[in-house]
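Good morning, and thank you for coming.

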Amino acid sequence: MKTIAAFRGPVMPRIAFFAVLFALFAASSARALDKVSFATNWRAQAEHGGFYQAIADGTYARYGLDVTIVQGGPQSNARLLLAAGRVDFAMGANFIQTFEVVRQKIPVVVVASMFQIDPVIFMSHPGQGLDRFEDLPQATAFVANDLFVSVYQWLKQAYGFREEKVKPYGFNPAPFIADAKSVQEGFLTSEPYQVERQGGFKPNVFLLADYGYDSYSTTIETRAETIAGNPDLVQRFVDASILGWRNYLYGDNNAANAAIKRDNPEMTDGLLAYSVARLKERGIVDSGDAQRFGVGVMTDARIKSFFDKMVKAGVVPADLPYRNGYTLRFIGKNAGMEAASK
């Protein structure tokens, strides 16, 4: 009995000690994840897939991040949420918005661009004399107001599109489907699918990037104070998001798509599959400079090219200090060129 007692005496306290130590370590590990909020610019969809993927497959967690996606929509403005400090990062649509932020002196900065190609398009009916891009200016054009005051102004200047041809686009393809002599704006990843389903025909699709519209798209933005005060957090969020996009396109994206459908119950498997196929087919994420410098990359030369076009179209003033709206500090490091996680 003395031997047993002597054995138990010193061991039990050690077991208790290691149990406490393990609990403290586990608690410390949980606290090590930085809580981050990211606001998207619309309802959940495949165009947001890389961010959902980085949550679903644990990429953000591996980078020490506990990320919450704040879903956008018609009544939500991601950039205003960011500027007000209600979220840490936000998704931008294009660089016209970035130029406007600079004009208004809002301290928000683009730190990466997930899309090398802006997927904005025009569609036309086949066999109606609108089968070439140069035919489109003669057609009635269904255009939303935000695109009219920006992209359409460039189309006017560069290709002779006319304001008197414009009719408002209310994000319903029915008027376009009914008018065979019309064209409609949209995105490569969604509107053609809707028209095929609802109209029963495959529209001609003109990706504006093929005709010189060289804006970046689906950008990551944060506040200037975050860059100055916590650059490591910004770098980790950018790097993990890049890997999320790589894995979403080329790995197992089932969990990410399930999360997208939970946030947006109107999303369908058919549209998700169609969108992913178009993203891959046209290299929206990983073409051009991304093949040399990594996903998310931006360049001064490309941004200047787009800025000069918008100046010529009268969209932005020539003296705008547009370089204040972005930084190349966190990109161009070959991220996202690794094999996707299976």
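How many helices and strands does the protein chain have? The protein chain has 15 helices and 10 strands. Helices here are DSSP runs of H or I with at least four residues, strands are runs of E with at least two, and both are numbered from the N terminus.

Before the details, a word on provenance. This is a predicted model, in which local features need pLDDT of at least 70 and side-chain atom pairs count only at pLDDT 80 or more, while totals for chains, interfaces and linings use all residues. Residues are numbered from 1 along each chain as its sequence is written, and side-chain values use heavy atoms, with hydrogens and water left out.

Let me begin with the chain as a whole. Of its 342 residues, 50% are buried; buried means under 20% relative accessible area, exposed means over 50%, and partly exposed lies in between, with a 1.4 Å probe and protein chains only. The chain exposes about 16,100 Å², and carbon and sulfur atoms supply 55% of that area. These areas come from the Shrake-Rupley method with a 1.4 Å probe, and for residues only the protein chains shown count as cover. Among contacts between residues at least 6 apart in sequence, 82% join residues at least 24 apart, where contact means heavy atoms within 4.5 Å.

I turn now to the sheet that contains E1. In what order do its 5 strands run? The order is E2-E1-E3-E10-E4, in an open sheet with mixed pairing; two strands pair if DSSP finds at least two bridges between them. Strand E2, residues 65-70, and strand E4, residues 108-115, each have a single partner strand and stand at the edges, so one side of each lacks a neighbour in the sheet. On average, neighbouring strands are turned by 30° against each other, direction ignored.

Asp 34 has Leu 65 as its bridge partner in E2, and Phe 38 has Ile 69.

Which strands does helix H2 lie across? Helix H2, residues 49-56, lies across E1, E2, E3, E4 and E10, and runs at about 140° to E2. Such angles run from 0 to 180 degrees between N-to-C directions, with axes fitted to C-alpha atoms, for helices over the stretch in contact. Helix H5, residues 95-103, lies across E3, E4 and E10, at about 115° to E3.

H5 also packs against helix H15, residues 300-312, at an angle of about 75° and with the axes 11 Å apart. H5 is therefore roughly perpendicular to H15, a class that covers 65 to 115 degrees; under 35 is roughly parallel, over 145 roughly antiparallel, and the rest oblique. From H5, Phe 95, Ile 96 and Phe 99 meet Ile 303, Phe 306, Phe 307 and Met 310 of H15. The contact divides into 7 nonpolar residues, no polar and no charged. Nonpolar covers Ala, Val, Leu, Ile, Met, Phe, Trp, Tyr, Cys and Pro; charged covers Asp, Glu, Lys and Arg; the others, Gly among them, count as polar.

In the loop between H5 and E4 sits Lys 105. Lys 105 has a positive phi of about 60° although it is not a glycine, and it is exposed, with a relative accessible area of 75%. Asn 334, in the segment after H15, likewise has a positive phi, near 65°; Asn 334 is partly exposed, at 40% relative accessible area.

Next comes the sheet that contains E6. This open sheet of 5 strands has the order E7-E6-E8-E5-E9, again with mixed pairing. Strand E7, residues 166-168, and strand E9, residues 204-207, are at the edges with a single partner strand each, so one side of each has no neighbour in the sheet. The twist averages 30° from one strand to the next. E6, residues 140-143, pairs with E8, residues 182-187, in the parallel sense over 3 bridges, and Phe 142 has Gln 184 in E8 as its bridge partner.

Finally, helix H9, residues 191-199, lies across E5, E8 and E9, running at about 125° to E8. Which residues of H9 are buried? They are Glu 191, Pro 192, Tyr 193 and Val 195, and they pack against E5, helix H8, E8, E9 and helix H13. Just after H9, Gly 200 takes a positive phi of about 75°.
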